[in-house]
Amino acid sequence: MIVPALLPLVFVVAVAVIPQLGPVVLGGLLVGTIVTGLFVAIAMTSSGGAWDNAKKFIEKETSAEKDRSRTRSGHGDTVGDPYKDTAGLRSIR
């Protein structure tokens, strides 16, 4: 995970250092990175909300398999909440 995290930093520094590319290329690179991150954040917020809503739906059921389904709903907490929190959406409790 170190290499993917360093890629944006390395490319921005490389484009800034190479004088033939100029500030227009650097600006385009930065805008492209921001727009890509925005769409990833929107996707993470939507999927995290779906995980959390599924967990809440499972917790409300009153069937005989409540214990079994409740353990499955734990994935909604372990996946849904970090996705929402990473993207910046806080749930109202």
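These are my notebook entries on a predicted model of one protein chain.

**Ground rules.** I number residues from 1 along each chain as its sequence is written, and I work with side-chain values that use heavy atoms, leaving out hydrogens and water. Since the model is predicted, I keep local features at a pLDDT of at least 70 and count side-chain atom pairs only at pLDDT 80 or more, while totals for chains, interfaces and linings use all residues.

**Confidence.** I looked up pLDDT, the predictor's confidence in each residue, from 0 to 100, and found that the protein chain averages 77, with 74% of the residues scoring at least 70.

**Fold.** I took helices (H or I, at least four residues) and strands (E, at least two) as DSSP runs, numbered from the N terminus. The protein chain has 4 helices and 0 strands, and along the sequence I read the pattern α-α-α-α. With contact meaning heavy atoms within 4.5 Å, I noted that residues 24 or more positions apart account for 48% of the contacts with a separation of 6 or more.

**Helix H2.** The 39 residues should span 57 Å, and the end C-alpha atoms lie 58 Å apart, which agrees.

**Burial.** I call a residue buried under 20% relative accessible area, exposed over 50% and partly exposed in between (1.4 Å probe, protein chains only). Buried residues make up 13% of the 93 residues in the chain, and in H2 the buried ones are Met44, Gly48, Gly49, Asp52 and Lys55. In helix H4 (residues 74-87) I picked out Thr78, which is exposed, with a relative accessible area of 53%; its C-alpha atom is separated by 10.0 Å from that of Gly48, 30 residues apart along the chain. In helix H1 I picked out Ala16, which is partly exposed at 49%, and its C-alpha atom is separated by 9.7 Å from that of Gly27, 11 residues apart along the chain.

**Surface.** Using Shrake-Rupley areas with a 1.4 Å probe, where for residues only the protein chains shown count as cover, I recorded an accessible surface of about 7100 Å² for the chain, of which 71% belongs to carbon and sulfur atoms.

Technical notes:
The expected span of a helix is 1.5 Å times one less than its number of residues.
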